[in-house]
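Colleague: Please walk me through how to read the strands and the core of a model, one feature at a time.

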Amino acid sequence: MAVLSQLVDNVVANSFELDRPLMHLGRHPDCEIRIDEISVSAHHAVIEVEQNAYLDGAVDYYITDSASTNGTFINDIRLNGRQRLNSNDLIRIGWNLFRFIDEDENALEKTAYILEE
């Protein structure tokens, strides 16, 4: 299972398990990942968890900006549309920085390389 770790001065302040098929990030109280900070829109972004179409048991994580005022950035690039998350991606929501960590991704990538040979 993957987690979204909120970083403050490069130290993990909060961690959120991505354990639902759809998780909303934002300032509104109904968001699964609530970020109570003025630079964050009420419904800022959405993370979707989907089964991988090619590898049994593998899960893919996608993020989409919800037409937020200040945007969503992945590795300092403004998100435009839906994007697949990779382990260790840095996500900026307003002025808040998160690291996406998927421990299972590394093991699956090694398997994929073996299958290609």
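**Strands, sheet and core**

Modeller: Strands here are DSSP runs of E, at least two residues long, and helices are runs of H or I, at least four, numbered from the N terminus. Two strands pair if DSSP finds at least two bridges between them. β6 and β9 run antiparallel and are joined by three bridges. This is a predicted model, in which local features need pLDDT of at least 70 and side-chain atom pairs count only at pLDDT 80 or more, while totals for chains, interfaces and linings use all residues. Residues are numbered from 1 along each chain as its sequence is written, and side-chain values use heavy atoms, with hydrogens and water left out.

Colleague: In which order do the five strands of the open sheet stand?

Modeller: The order is β4-β3-β5-β6-β9, with mixed pairing. β4 (33-34) and β9 (82-84) are the edges; each has a single partner strand, so one side of each lacks a neighbour in the sheet.

Colleague: Which residues of β10 are on its covered face, and which on its uncovered one?

Modeller: In a regular strand the side chains alternate between the two faces of the sheet. In β10, Ile91 and Ile93 form the covered face, Leu90 and Arg92 the uncovered one. β10 pairs antiparallel with β7 (residues 72-74) over three bridges, and isoleucine 91 is the bridge partner of isoleucine 74. With β11, β10 pairs antiparallel over four bridges; isoleucine 93 stands opposite asparagine 96 there. The hairpin of β10 and β11 has two residues between the strands, and its glycine 94 takes a positive phi near 60°.

Colleague: Which residues touch the most other members of the largest nonpolar core?

Modeller: Nonpolar side chains tend to be buried together in soluble globular proteins. A nonpolar core is a set of buried Ala, Val, Leu, Ile, Met, Phe, Trp, Tyr and Cys residues joined through side-chain atoms within 4.5 Å. Buried means under 20% relative accessible area, exposed over 50%, partly exposed in between (1.4 Å probe, protein chains only). The largest core has 20 residues, and Leu4, Leu18 and Ile91 touch the most other members. Elements giving two or more residues to this core include β1 (2-8) and β11 (96-102).

Colleague: Is serine 5 buried or exposed?

Modeller: Serine 5, in strand β1, is buried, with a relative accessible area of 4%. Its side chain makes a polar contact (N or O atoms within 3.5 Å; within protein, one able to donate a hydrogen and the other to accept it, and residues adjacent in sequence counting only if both atoms are side-chain atoms) with the side chain of serine 15, at 3.1 Å.
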